[in-house]
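User: I have a structure open and would like to go through it with you. Could we take it topic by topic?

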Amino acid sequence: MARAPGLSVRVKLTLSYAGFLMLAGALLLAAVWAFLLRYVPDRAMLINPDDQPTHGVFPIRSALLGVFAPRAAAVLAFLLVFGLVGGWILAGRMLAPLTRITDATRTATNGSLSHRIRLPGRNDEFRELADAFDTMLARLEAHVAEQQRFAANASHELRTPLAISKALLDVARTDPTCDTREVIDRLHAVNTRAIDLTEALLLLSRADQRSFAREHVDLSLVAEEATETLLPLAEKQGVTIETCGDVTPVIGSPALLLQLTTNLVHNAIVHNLSGRGTVRVDTSVRPDTVVLTVENSGEKVTPELASTFTEPFRRGTERVHTDHAGVGLGLAIVQTITRAHDGTLTLTPRPAGGLRITVELPGGPAGGQP
């Protein structure tokens, strides 16, 4: 944005310091005049020489003004020079942290987000600004790195089904003896996976941009709907689902909250002990928040591995894989939907194996009323 040139902040502060000093000096000289010189008589006084001898000439007001005025002007000139020089130096020292912040901003504008100000000294307004700017740069750097990893992983994941489809079509075209029905079935499976991946990416983008309407939602009913939808899958895997909890009113998107709960329950069913696994879904109310907890049995997971499950396209190598393992975006979508609803997501490995996943969201009005 083009702006007209103007005085720098350092010049403005210098002029302000000098002007204030000149005003203080003028007020001091005015006080001298008001409280001292005006009581000096303007005419000479006669003293009786018989009573006491005179010791010199008694000054009058005009004579004192003649002596006082040039010296007062000299003092004001000195204060002006002192104020300008001292103000320039003082303003430079005061604005030095702002200069470092400006340089860091220009560096970040050019694309380098690794630079940090790290302003030394005790806490004040400039240091609070510098610390806040460093925090912002750290978050931006992490966000950009995450987006770059996400773009690279998404490109890789989308390229895989396309490459498989191309290979199947090449085989069908060059080999006249191949089973066309088998090729069609495999193409259908690959295409279904590509569609699922694309829809997951669109959902992830929509939740990340927070472009959704907010309504009053009972999270316990959403959890019941998700578990009922996935009950056939749980029965097929031999997993038992338990649900319990209280009415948990929140304000958010019903569709996104249903997707969040469905992803959590689906993840708990798929990554479980086949034939003897359990999943527990619980909702509870706290003073200012509501909590959705989904925990499942399964193999033991280290905290370090659990912390990576919310990253896009990350699939733990030690976790159970089935035909319903998904596209690697389940918990990433849960994380994004949780952040979009100003909540927190916590993954905790269970000592006996499996995970306990907790979603804490801001509570809504009781009864779903505004």
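User: Are F78 and F82 buried or exposed?

Analyst: F78 is exposed, and F82 is exposed as well; exposed means over 50% relative accessible area, buried under 20%, and partly exposed in between, with a 1.4 Å probe and protein chains only. Please note that this is a predicted model, in which local features need pLDDT of at least 70 and side-chain atom pairs count only at pLDDT 80 or more, while totals for chains, interfaces and linings use all residues. Residues are numbered from 1 along each chain as its sequence is written, and side-chain values use heavy atoms, with hydrogens and water left out.

User: How many aromatic pairs are there?

Analyst: The count comes to 1 aromatic pair, where rings of Phe, Tyr and Trp (its six-membered ring) pair if their centres lie within 6.5 Å; planes under 30 degrees apart count as stacked, over 60 as edge-to-face and the rest as tilted. The ring centres of F78 and F82 are 5.9 Å apart and their planes are at 20 degrees, so this pair is stacked.

User: Where do F78 and F82 sit along the helix?

Analyst: They are 4 residues apart in helix 2, which separates F78 and F82 by about one helical turn. Helices (H or I, at least four residues) and strands (E, at least two) are DSSP runs, numbered from the N terminus.

User: Now salt bridges. How many does the structure hold?

Analyst: The structure holds 9 salt bridges, each a side-chain nitrogen of Lys or Arg within 4 Å of a carboxyl oxygen of Asp or Glu. One of them joins the side chains of D103 and R106, at 3.6 Å from N to O. D103 is partly exposed at 41% relative accessible area, whereas R106 is exposed at 51%.

User: Which residue forms a salt bridge with R280?

Analyst: E242 does, and the closest N and O atoms are 3.4 Å apart. R280 lies in strand 4 (residues 277-285) and E242 in strand 2 (residues 239-245), so the pair ties together parts that are 38 residues apart in sequence.

User: And what about E295?

Analyst: E295 forms a salt bridge with R356, with the closest N and O atoms 3.3 Å apart. E295 is in strand 5 (residues 289-296) and R356 in strand 7 (residues 355-362), so their pair links parts 61 residues apart in sequence. E295 is buried, with a relative accessible area of 16%, whereas R356 is partly exposed at 30%.

User: Last topic: how many residues of helix 8 are buried?

Analyst: In helix 8 (residues 330-340), 8 of the 11 residues are buried, among them L331, I333 and T336. Helix 8 is followed by D342, which has a positive phi near 60 degrees.
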